[in-house]
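Subject: Structure for you to look at

Hello,

Here is the structure I said I would pass on. Please open it next to this message and follow along.

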Amino acid sequence: MIMSNVMMMTMRESYGKTLVKLGEKYKNIVVLDADISKSTCTYYFGKRFPQRWFNFGVAEQNMVSAAAGLATCGKIPFVNTYAVFASMRACEQIRTMIAYPCLNVKIVASHGGISTGWDGVTHQGTEDIGIMRCIPNMTVVSPADPIATEKLIEISVKHKGPMYIRLARNPCPIIYGDDEKFTLGKAKILKEGNDVTIVATGIMVFEALKAEEVLRSKGIYARVVDIHTIKPIDEDMIVDSAKKTNAILTAEDHNILGGLGSAVAEILCRSYPAPMEFVGLKDTFGESGSPQELFKKYGLSHKHIVHRALKLLKRKKKVKV
Amino acid sequence: MRKGQYSQKLISNLEKKALRIRQLIIEMVYRAGSGHPGGSLSAVEIVTALYFHIMRIRPKEPHWEDRDRFILSKGHACPVLYAALAERGFFNIKELYTLRRINSILQGHPDMKKTPGVDMTSGSLGHGLSVGVGMALAAKLDNKDYHVYVLLGDGELQEGLIWEAAMSAAHYKLDNLTAIVDYNGLQVDGKVSDIMEIAPVAEKWKSFGWKVLKIDGHNFYQILESIEEAKSSRNVPVVIIAHTVKGKGVSFMENVVDWHGKAPTKEEYKLAMRELYGKK
């Protein structure tokens, strides 16, 4: 398997280093953390630019509203906490004080998904995409690997307006090359195939690539699409994929309600109805355990993607008849 | 209070302006058919002092980056802010009578994107002081000397976020941030002390590292003097606890809980206006 010797790195590490690089160039970037700067890796920025780094302590709501104030004065605040706390503890602050006045604040949320692992449900953000997606003016980004993280964070500085960027906790495989180019709202085709499309986001992109290999060995050819921007979503790509493969499978480390799967379904039912399946948390909470064990137990591994894809292909045939 | 510091003329001009703003509040809430007269009237002198004497602002250049900032954290009292902004020339007085109507620049609660002169969107209680912390931090970073004022409701102090913000303002030594509490003693459901006691207010702020000043929030001498004192503070944020009367200036609205959030009927409107115009 090509995938067996991939390099591993955390998105957080990549993010922390990218922030320092951007801090050199953009003097108006300020970074706010809530007592988890070692975990979010903003302490790199704090060491390099202590004047522009603010640790608000364990007070996420205050941090987010203060970011709104900084943004009104021309700063570009990067707000850092875990996905659970960003999207829920500080949800109204994000909605009313940042998104409503469309302020230029970047919310970087680590620990997205059950892949967060051992810390358990309190620290696993599994509803955040759904919550952020239904807030007007909000752009929602979910990079697939450390390279995508770096590139999308760079883009976020140039994008004027609120943005939610979801990162995973644990080391993940590097799937992109250093010179890969990203455009907000433009999905990426990583594999071409005519039988089924696997639309994935975040670390599930790698699971989708592994699933593609397994399917290929069975003579089934899957298109694999990385949706790094969940909002605004690449409608053209989704409709094009539906037309081409007439079978869409979504994969996300998130509740299947409200997240990527819902976003894709909203487009298909409106523009090009096609058989669909969802891989993700089946409206349940996770638990403590290793990411691998959790993926296995909760149906998020590449094997589950393969299983769902095969099921989808059967449905697709029925629809055709 | 040392009355000599401010001229009689200044005070009497501010008092005239305050009366005018009270008239506009009643007029616009009556025409809108809904809104919050009680907490608007209690804050009239505070807002008037800020917009007509204290704050460094340019009505023709509302986004001027060196301007002083004002956050109406108790956003439901926006009629008082809208009246002050219109009187100060940020927009035409006629706009006041579009309050709460469809397509209006004057939303039911302040919207910084729609209303010239509104420095921050507000209305959901508890957020304003945190936003003020952010603005004050930005001023420090940029070595700018603008001052940030945040007007809080007393019931609003029940929000936990206020105290997160208070803690951080003292931690960051934000002497360019001044909080003013409109302590009128009433909230939607009744007396603040009956609903959820916030006293001892001064001690709470002190214990969070703030310097506390207590004033009569309808006395211009005390308002001006306390804000001057707040501005001269070094390394410590200052809170001014302004004792006020909810509904101040319209006798039948004063200290009556029900006037928190309802518009006067035609008869009540006439009565209120007669009273306010009679005071000229």
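Below are some notes on what was found in it.

This is a predicted model, in which local features need pLDDT of at least 70 and side-chain atom pairs count only at pLDDT 80 or more, while totals for chains, interfaces and linings use all residues. Residues are numbered from 1 along each chain as its sequence is written, and chains are lettered from A and ligands numbered from 1 in the order in which they are written.

Domains of chain A. Chain A is divided into domain 1 (2-173) and domain 2 (188-320); such bounds come from an automatic or database domain assignment. The C-alpha centres of these two domains of chain A are 25 Å apart. Domain 1 of chain A puts 29 residues into the contact and domain 2 of chain A puts in 33, where two residues are in contact if their C-beta atoms, placed from the backbone, lie within 7 Å. On the domain 1 side there are 15 nonpolar, eleven polar and three charged residues. Here Ala, Val, Leu, Ile, Met, Phe, Trp, Tyr, Cys and Pro count as nonpolar, Asp, Glu, Lys and Arg as charged, and the others, Gly among them, as polar.

The sheet. In chain A, seven strands form an open, mixed sheet in the order β3-β2-β4-β5-β7-β6-β12. Helices (H or I, at least four residues) and strands (E, at least two) are DSSP runs numbered from the N terminus, and two strands pair if DSSP finds at least two bridges between them. β3 (53-55) and β12 (229-231) of chain A are at the edges with a single partner strand each, so one side of each has no neighbour in the sheet. Strands β4 (residues 76-82) and β5 (residues 106-110) of chain A run parallel and are joined by five bridges; A:Thr81 has A:Ala109 in β5(A) as its bridge partner.

Chain A against chain B. This contact takes 23 residues from chain A and 20 residues from chain B. α4(A) gives the most to the chain A side, with nine residues. By class, that side has twelve nonpolar, eight polar and three charged residues.

Chain B. This chain has ten helices and seven strands. Its radius of gyration (taken over C-alpha atoms) is 18 Å, close to the 19 Å from the globule rule (2.2 Å times the number of residues to the power 0.38) for 280 residues, so chain B is as compact as a globular protein of that length. The C-alpha trace of chain B spans about 50 × 45 × 45 Å along its principal axes.

Regards
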